[in-house]
Amino acid sequence: MDRRETIKTLVIGGVASGFMLHGCVPVEEKKEEATPQPADNGKGYGRTPEEAARDAELNGKTFFTEHEMATIAVLADIIIPADDTSGSATEAGVPEFIEFIVKDIPEHQVPLRGGLMWLDRESGQRYNKQIVSCSAEERENIVKDIAYPEEVIPELKQGAVFFSRIRNLVATGFYTSQIGIKDLGYVGNTPNVWDGVPQDVLDKHGMAYDEKMLQNSIKPEDRGEIMDWENYNV
Amino acid sequence: MSFQIKEQTKTYDICIVGSGAGGGMAAHVLSEAGFKIALMEAGPHFDPANAEQRTQLRWPWESPRRGAGTVRPFGDFDMAYGGWEIDGEPYTKEQGTEFDWFRSRMLGGRTNHWGRISLRFGPLDFKRKDFDGKGDNWPIGYDDVKPYYDKVDKMIGVFGTRENIPNEPDGYFLPPPKPRLHELYIKKGAQKVGVPMIPSRLSILTKRINNKRGACFFCNQCSRSCSVYGDFSSSSVLVNPAMETGNVDLYVNAMVREVLTNDEGRATGVSYVNKEDLQEYTLKAKVVIMAASACSSARILLNSKSAAHPNGLANSSDLVGKYLHDSTGASRMGLIPSLLDRKRYNEDGVGGMHLYTPWWLNDSKNLGFTRGYHIEYWGGMGMPAYGFGFGMEKMNGQVPGKDGKMKKAGGYGLDFKNDLRRFYGATFGMAGRGESIPRKDNFCEIDQNVVDKYGIPVLKFHYKWSDEERKQAQHMHDTFEEVIHSMGGIALGDRPGAETDYGLENPGRIIHEVGTTRMGDDPKTSVVNRYNQAHDVPNLFVVDGGPFVSQADKNPTWTILALAWRASDYLKEEMKRMNI
């Protein structure tokens, strides 16, 4: 089947196209042509050859030392620990994401490497050991002094700047992971039929669609129909 | 190996340079009319339905950088091969001036990722000089283009509502989607301060228009290009059907160097570099249509020097590259406290805003600037990507926590995790997109010292904003704050002041650059005539944004499409009459 045929089978319109995208295709069609399938990771994520080569090159390099990675892991789980709803940052692969992103966006490298050194020096001065060897209480004593940038004392300012950066990266790493998206309750990125804000939500917010909006807007059952301009006047 | 230019043996009726909105439309109309066409594209083939290229419905974790904009400026999943900088294809800027040039090297060009905002120019937009004495009028008016807007609406599809607003002409609209929750909040606030919000007008199929393209399934990812062709991309909507006529030969990875001419000065074809074998080729055609984008077309024309055209092709006016202008842009973010801890549901919707604000002050004379802007909006419970959760320390100290008490900005641990959940979907943004006044001294020219990796001389940009645009940006920020306060929101970040031009984006940043081959009736003050035909070279047309005399505050694509169709109809007739 050539691509044009594939497209024809895909564009059956309406809600049905959604089912197609989930891979619910007639049996006589070859599986690889039931495009697109969200779960199909075998083909990468739509890279050009140059982009794929760049990913491979970055993946072949190592930036952080073992000690640095261990420290990042400690910080990541302080920033996003596990709770009843979801796992922790390390369970979501956040340190591995941070290792990749500093190779991808090199301006993170010096601030993070230097920030980790800053932190070990701070814990060394306070407790005579590196962060990874500190107790939970000792780690928290340091973190709480640099986690609130508006209140940080001048001597620890650089620590707070570093902490904001790694907090950003941990938050992003966690909430763009499979665990994080589930935790967040994001339920999109899937074929859908949008018919407006659910009524209970509208009610809760004291909002309503006015007559004009209701009249003009697309009705889900009409989506598969081909538009007829017969009685349409501009 | 000796240097040899390879010649394509076939002579085409028409060679079209560029496969974006203008080139795609010309290819579609003219191939249907039976002309033999060579369609030149500087990038690779692209089809959003090709699983190898598809990014639609991918998850952030499929990208090791979680969709960050390191490789593609608008993120890993954005469907633009290219960006502000392209390896080996530099451009330069005059010191003290700014211009950022976005290029997509792929079939369909930038239409694969654009915002699908499809606004017609209104009657005023073609004749602004009549009202403010600035810039120039177009030689044509709304009534000349209206029939083509109508045809484009029906052929390509655009949703919207008939509103009967004088300078925002209605069209053949598909039904729009219902507004999202944050859009209802913004509308309520905007209304109170006299800022209108109406359903947006996007070329997305909320309903089918033919049996070749699927209806939108509301994934909010038009920027990734739609695999069921539920939105407009030139590649899938125009080039594909053009190819089906059997009249089009598509040359991909073909970087056009210049338009070739004969002794009489008529165009005879093009020369191009094949990026795959890095050899130089020539291709013969009876007519050449430039559609490479405003700046790329200007570059090719300026590089096409000959005895008959010593100043570059179609450039006896010396205006090729001049009057370059982009939309203005400024933006602000806000927080809607009522949306904290909101209930989750799928509110992806279409790929873009469901409501927007058209320019509402055409009758105001004392604003300090004379051209308008529209406002675009974003917000809601979108799919997280790189950047999600950044800057919580700038937000969570601004509103009381669940316990009603203010808390220290920043944090860590379960409290921080809960804040990320709490603030999700509660932020939104507003962006003004305004009309700038085209000026001759904003331009691009050939840099005498620099070539790209194909040996082709590159563009040098000279562009400065004037007070007209700065004051407009200042007004945008006044409006943003008024609306945000009126809706009970909190403006985030700092309001930019005079020292940063009121947050006015660099020229080029809105990617609406037009004007470099402007149209007019007088060959001394314009490059092409009212049918996009070069004054100097009858068998040369330009159908991208180059011929725009001014760009309104409207996104240019719909007008590019309408004018390209109109020019193609004219060309058809002229060829029939043997005038070309």
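1. Which side chain meets A:Asp183 in a salt bridge? In this predicted model, the partner is the side chain of B:Arg421, with a distance of 2.4 Å from N to O. Across the interface of chain A and chain B, the rule finds 13 salt bridges, and the count of residue pairs in polar contact between the two chains, with both residues at pLDDT 80 or more, is 49.

2. On the side of chain A that touches chain B, helix 8 (residues 157-175) provides the largest share, namely 10 residues. Sorted by class, that side of chain A has 48 nonpolar, 32 polar and 22 charged residues.

3. As for the extent of the contact, 102 residues from chain A and 97 residues from chain B take part, and the two chains bury about 9200 Å² between them, with 60% of this on carbon and sulfur atoms. In chain A, the residues that lose the most area to chain B are A:Tyr45, A:Asn189 and A:Trp194, which together make up 9% of what that side buries.

4. The second largest pocket holds about 870 Å³ of space and is lined by 31 residues, with A:Thr48, A:Glu50, B:Tyr81, B:Gly82 and B:Ile86 nearest its centre. Helix 3 (49-59) of chain A and strand 3 (82-83) of chain B each supply at least two residues of this lining, and helix 3 of chain A gives the largest share, 4 residues.

5. By class, the lining of the second largest pocket comprises 13 charged, 10 nonpolar and 8 polar residues.

How values were computed
Residues are numbered from 1 along each chain as its sequence is written. Chains are lettered from A and ligands numbered from 1 in the order in which they are written. This is a predicted model: local features need pLDDT of at least 70, side-chain atom pairs count only at pLDDT 80 or more; totals for chains, interfaces and linings use all residues. Side-chain values use heavy atoms; hydrogens and water are left out. Contact means heavy atoms within 4.5 Å. Buried area is the accessible area (1.4 Å probe) that two parts lose on being put together, summed over both. A salt bridge is a side-chain nitrogen of Lys or Arg within 4 Å of a carboxyl oxygen of Asp or Glu. A polar contact is a pair of N or O atoms within 3.5 Å; within protein, one must be able to donate a hydrogen and the other to accept it, and residues adjacent in sequence count only if both atoms are side-chain atoms. Ala, Val, Leu, Ile, Met, Phe, Trp, Tyr, Cys and Pro count as nonpolar, Asp, Glu, Lys and Arg as charged, and the others, Gly among them, as polar. On a 1 Å grid over the protein atoms alone, a cavity is a set of points where a 1.4 Å probe fits but cannot get out, and a pocket is an open set with protein on both sides within 12 Å along at least five of seven lines; lining residues have an atom within 4 Å of a point. Grid points are joined across faces, edges and corners, and a volume is the space filled by probe spheres set on the points.
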